[in-house]
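Hi everyone, thanks for making the time this morning. I'd like to walk you through one model, starting with where its chains meet and then moving inside. Let me put it on the screen.

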Amino acid sequence: MLKLGIDLGSSYTKGVLVNDENQIVDQFVVKTGFDFKRAASRIMTKFEEDYEIATPVYTCGYGRDQVDFEHISNSEIMALSKAVFTKFNKKCAVIDIGGQDTKFIKINQQGQVDKFKMNRKCAAGTGSFLEEIAFRLDISPLEFNTLTDEATEEVRINSYCTVFAISEIIGLIKKGATIANIAVGIYNSIIERCMEMVAADETIIITGGVPEKHPTIVRLFKKKFSKVESPENSQFFAAWGNILLNSQK
Amino acid sequence: MSKTQSGILRLESANVLKVVMSDYFKRLKDAEETAGKKIAWCTSVGPAELLYSMGFEVYFPENHGAMLGASKKADKYIPSAVAEGYSPDICSYLTSDIGAFLQNETPLQRSGFEAVPKPDILVYNTNQCHEVADWFSFYARHFDVPILGIHTPLGLNELSDTIINGVAEQFKALVPELEKVSPRKFDMDAFKKSIELSRDACVRWREVLEKAMHRPSPINFFDAAIHMGPIVVMRGTTYALDYYNVLYDELDDRIAKGISSVPNEKYRLYWEGMPLWYQLSNMARLFASLDTCVVASTYCNSWVFDDLDPADPFYSSALAYSKLFIVRSEEVKKEMLQEHLKDYAIDGIIYHDSKTCPRNSNNRFGLQNRLYEETNIPFLEINGDLNDPRCFSEEQSLIAIETFIQQLAEKIYS
Ligand code: SF4
């Protein structure tokens with residue numbers, strides 16, 4: 001029997017299957033859409049095809065209690081911290097960039113959460129910021145990644161607010177800035193927003209769906225800060241940490 | 001004893017409070033309808049004792065602002081004030097109060113008022129913020145009535161005699177102006193009596209709050225925010241003192257019987273900043289479900305003017321109203337908080353960063369980090385607003401609060 005952890009985020013729902021040694025055996029992600037229950041069931045159905053799944057299921061995220069099966073819910077911040085500490089086993093600051101929010105967590109030497117913060121209510125510093133700008137520029141958000149390869153200089157986007165940022169970008173285009181240079185500016189704007197939350201000398205672990213889909217963000221982070229790491233498959237960390245939290249209780 | 005859904009015990013004194021507050025509004029209504037009585041509008045930490053001693057009935061727009069917030073209608077009213085040129089970024093008590101006035105609506109209509117009681121004079125003290133002067137000026141222009149103000153210096157570290165004497169002179173300077181409107185001449189004995197009543201009520205109110213030092217606490221912040229009505233609007237009268245004697249006895253009784261406010265109190269929090277008026281009962285339920293009692297707050301503790309002294313009423317008024325938290329330097333604020341954290345055995349602090357009230361958002365100049373370094377007491381910052389629900393993300397705050405309690409559990413029980 002395998003344990004199932006599900007992180008029901010506002011944009012994506014992520015599921016992991018874990019064996020008795022708490023190692024990840026399989027993982028699956030679906031778009032959350034408008035229905036948390038449906039998203040969680042899709043994860044369950046997919047895994048049930050190949051595995052036997054134990055109950056309860058461990059859930060976290062915005063939709064943590066919106067599932068149709070027996071479950072134990074956790075805070076995704078505690079779950080994510082558990083996973084990061086299990087993987088890195090050191091004091092660090094976590095920046096998790098998700099579709100709708102950015103989280104900052106400070107973990108101490110004992111693996112406890114010392115402090116955490118979530119971004120304010122606007123899209124600044126989150127995946128929504130990228131999506132909204134991409135939509136207005138009529139390109140796919142993922143294209144920003146490839147565009148940055150052609151950048152010749154870093155254009156600065158000052159506005160936090162997505163609406164203001166868009167008018168600023170239009171102004172830059174009018175002045176002749178290339179879309180490649182603007183793309184770097186857009187990523188840097190997200191990074192600057194995140195950096196308001198951490199001190200410069202900390203080990204920074206970057207997680208979440210956005211850096212996974214936009215590796216340029218991690219590359220630019222590394223350019224600015226010396227101690228930056230971003231584990232693979234980090235968007236599944238909270239789902240995994242969910243199980244870790246409960247297996248040690 | 002009646003229990004709410006969350007298992008939080010309702011204070012029986014709430015029934016008495018209802019009567020006390022309704023009588024207060026009746027007195028205002030009578031004053032409006034009787035030629036002999038005059039109505040003064042006053043700020044919540046303004047010179048209420050002086051006004052009561054001179055025979056005014058006193059109305060507090062901030063109390064009205066809180067009622068608008070608690071009735072979850074502030075966002076209906078704010079746009080009307082914005083249309084008049086008041087920014088949505090300034091005090092949402094002000095914008096919701098002026099907006100409701102422009103829309104001819106008030107929760108007082110449920111108590112038989114047609115509109116808020118018309119002022120004969122407006123009196124403010126800027127000890128809390130300068131917004132109150134602009135707020136009252138709107139009504140001074142509208143009703144064409146006199147407006148008086150005490151301008152207290154802010155960010156005070158030491159309370160030197162020079163400063164306090166200066167403020168005391170401003171208190172004295174109100175008298176001849178008030179006499180032009182008041183039904184009664186200034187009478188030193190009446191003022192002294194009012195100061196004494198106010199001091200005694202403040203002391204009783206402090207003792208009520210201190211009951212939360214008991215573990216488990218018989219009262220929580222969300223109750224206290226409601227039960228503070230009389231200390232805000234009836235300082236300087238017997239009504240406030242009488243009410244807090246009732247509440248005090250009930251809390252004493254709860255302690256004797258081992259009754260706690262939150263059914264299974266495990267964690268004790270401090271609330272720094274304004275209440276979220278439109279979320280008060282949701283918050284109370286949420287914390288109770290997390291076995292957490294918010295036992296103390298800067299907000300409720302701000303109405304403890306125990307320096308008032310009938311032997312020297314002007315000087316002591318100036319001292320008491322300049323000594324309060326909101327008037328002080330960051331350093332003094334830190335020391336005051338440290339004391340509360342110790343006295344109430346606090347496990348964690350919640351800072352409510354209230355978008356439209358910077359002066360009551362004490363996490364904006366690094367105080368939260370400095371206090372943490374010295375006390376190692378974890379803190380959580382939540383973004384919201386006192387009245388404007390559009391500045392608050394319920395879901396995000398819920399996750400943050402739940403996580404914070406898990407963080408405390410990990411710290412306390414590891
Ligand atoms: S202190 Fe804050 S809430 Fe009170 S009147 Fe001033 S700005 Fe408004």
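**Where the two chains meet**

Chain B and chain A bury about 1,900 Å² between them, and carbon and sulfur atoms give 51% of that area. Please keep in mind that this is a predicted model. On the residue level, 23 residues from chain B and 19 residues from chain A take part in the contact.

What about charges? The rule finds two salt bridges across the interface of chain B and chain A. For one of them, look at B:E395 and A:R64, where the closest N and O atoms are 3.7 Å apart.

Which elements of chain B give two or more residues to the side that touches chain A? They are α16 (367–375), β8 (379–384) and α17 (394–413). The largest share comes from α17(B), with twelve residues. By class, that side of chain B has nine nonpolar, eight polar and six charged residues.

Now let's go inside. In soluble globular proteins, nonpolar side chains tend to be buried together. Here, the largest nonpolar core has 172 residues, and B:L178, B:W205 and B:W271 touch the most other members. If you zoom in on B:W205, leaving aside residues up to four places away in sequence, you'll find that this tryptophan touches B:A224, B:H227, B:M228, B:I231, B:Y244, B:C300, B:W303 and B:V304. There is also a second, separate core of 35 residues, with A:L172, A:V184, A:M197 and A:I206 among them.

Technical notes:
Residues are numbered from 1 along each chain as its sequence is written. Chains are lettered from A and ligands numbered from 1 in the order in which they are written. This is a predicted model: local features need pLDDT of at least 70, side-chain atom pairs count only at pLDDT 80 or more; totals for chains, interfaces and linings use all residues. Side-chain values use heavy atoms; hydrogens and water are left out. Contact means heavy atoms within 4.5 Å. Buried area is the accessible area (1.4 Å probe) that two parts lose on being put together, summed over both. A salt bridge is a side-chain nitrogen of Lys or Arg within 4 Å of a carboxyl oxygen of Asp or Glu. Helices (H or I, at least four residues) and strands (E, at least two) are DSSP runs, numbered from the N terminus. Ala, Val, Leu, Ile, Met, Phe, Trp, Tyr, Cys and Pro count as nonpolar, Asp, Glu, Lys and Arg as charged, and the others, Gly among them, as polar. A nonpolar core is a set of buried Ala, Val, Leu, Ile, Met, Phe, Trp, Tyr and Cys residues joined through side-chain atoms within 4.5 Å. Buried means under 20% relative accessible area, exposed over 50%, partly exposed in between (1.4 Å probe, protein chains only).
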